[in-house]
Amino acid sequence: MTMKFRLPCFLIPFALTVAAAQVFGAAQPPPCEDKSIVASAVRTAEDVQTLVQCAYEHVQEVGFAEARRAFNEDARWKTDSIYIFVSGAVPMSDRAQLFVFPPNRPMEGSSLGLVIDAFGNDYYKEQHRIVSNFGEGWVYYSFTNTATGRDEPKVSYIKGIDWDGNPAAIGAGVHRRDIPGTCAAEDVHAMGLEAEPSNHRLQEFVRCAAMEIESKGYFASQALSTDSRWTNNSIYVFGLDMYGNTLFSGDPYSRWFGVFSRASELNARLDGPFAGRDVIGVGDAFGETFLYYSTLNPATGKSERKATFVKRVVTYGLPILVGAGYYLDKGP
């Protein structure tokens, strides 16, 4: 007798998703063996976690001595501000020994002593608590950014490891430049985005501009429209209401002829860059979105392809979209 099994309706989408993942291959991080996981590619906290997992596996594969050498010397594991560290996870935090510490290799084999950060937190005490109770996890603290020399907020992922017979934690961290404790003008600015355009730099730029609006309200719009930090040649910040109307813009065409003399570049006209698609509604719903279209480049006076990132913020109880973009067409 053949028995028939029927999935409950609410499980059908899940089953189809699983089946599709099996057929087409679910999006997974590349395996550590192919060596595509490298420090220079780390941008987000998720990247950090992947790097730490691969470093952990590397120790198991090559042993302590070779891993220590590789973490200190090989470009796969270190850049100016991204590096693998290994330190003791012991109850007496001032006795936590450094096993791998690329920023100051002569310190390896000794202890930094009691490390209290700018927030008043005992780093090694927190490291021991997480590793001994949970095995792995995130630590949020303040530490010297080796790329800038400044004490800045840092988020690190740590994982418990037996380091040559010693209870320890292996980890790595990232200093984000687009959180309230950072966003320094010398690090995030229009000139830097224009010189080295990338989606990562664009997100930093827009998120920092959005924080200006969140902290200062509409008073920030004047600086965002005119200050050289926020506008430089083809790079500028703009703000739109939920109807697509321009509230402020660093676009020189808007400044010359008046903000409302030029339609928003994100308009939903049927003959506009999105052919009637409501990208304002999309930005409102998703909170952060990338958009791709063609518009007038103020640096060349020509219509060119543009990649834009917008972020939804609320000021005085009203939602607005703050955005900026860079042009993809490079002249000779």
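**Close-up views of the predicted model**

**View A. Strands S3 and S4.** Nine bridges connect S3 with strand S4 (residues 151-163), and the two strands pair in the antiparallel sense. Strands pair here if DSSP finds at least two bridges between them. Helices (H or I, at least four residues) and strands (E, at least two) are DSSP runs, numbered from the N terminus. Tyr140 has Val155 of S4 as its bridge partner. The structure is a predicted model, in which local features need pLDDT of at least 70 and side-chain atom pairs count only at pLDDT 80 or more, while totals for chains, interfaces and linings use all residues. Residues are numbered from 1 along each chain as its sequence is written, and side-chain values use heavy atoms, with hydrogens and water left out.

**View C. The largest nonpolar core.** This core has 27 residues, and those with the most contacts inside it are Leu51, Phe71, Trp77, Ile84, Trp163 and Ile170. Helix H2 (45-62), helix H3 (64-73), S2, S4 and S5 each give two or more residues to it, and H2 gives the most, with six residues. Another core, of 25 residues, lies apart from it and includes Cys183, Val188, Ile235 and Tyr326. A nonpolar core is a set of buried Ala, Val, Leu, Ile, Met, Phe, Trp, Tyr and Cys residues joined through side-chain atoms within 4.5 Å. Buried means under 20% relative accessible area, exposed over 50%, and partly exposed in between (1.4 Å probe, protein chains only).

**View D. Surroundings of Trp163.** Leaving aside neighbours within four places in sequence, Trp163 is in contact with Val59, Phe64, Ala67, Arg68, Val86, Phe99, Val100 and Ala168.

View E. Strand S8 (residues 288-297) pairs with strand S9 (residues 302-315) in the antiparallel sense over ten bridges, and Glu288 has Lys311 of S9 as its bridge partner. Four residues lie between the strands of this hairpin, where Gly301 takes a positive phi near 75 degrees. S9 also runs antiparallel to strand S10 (residues 318-327), joined to it by ten bridges. Tyr326 of S10 stands opposite Ala307. The hairpin of S9 and S10 has two residues between the strands, and Tyr316 in its turn has a positive phi of about 55 degrees.

**View F. The disulfide of Cys32 and Cys54.** The S to S distance of this disulfide is 2.0 Å, the cut-off being a pair of cysteine sulfur atoms within 2.5 Å. The link of Cys32 and Cys54 is left-handed, with -80 degrees about the S-S bond. Cys32 lies in the loop between helix H1 (12-24) and H2, and Cys54 lies in helix H2, 22 residues apart. Both cysteines are buried.

**View G. The disulfide of Cys183 and Cys208.** The sulfur atoms of Cys183 and Cys208 are 2.0 Å apart. The torsion about their S-S bond is about -95 degrees, so this disulfide is left-handed. Cys183 is in the loop between S5 and helix H5 (190-195) and Cys208 in helix H6 (residues 199-216), so the pair ties together parts 25 residues apart in sequence. Cys183 and Cys208 are buried.

Technical notes. Contact means heavy atoms within 4.5 Å.
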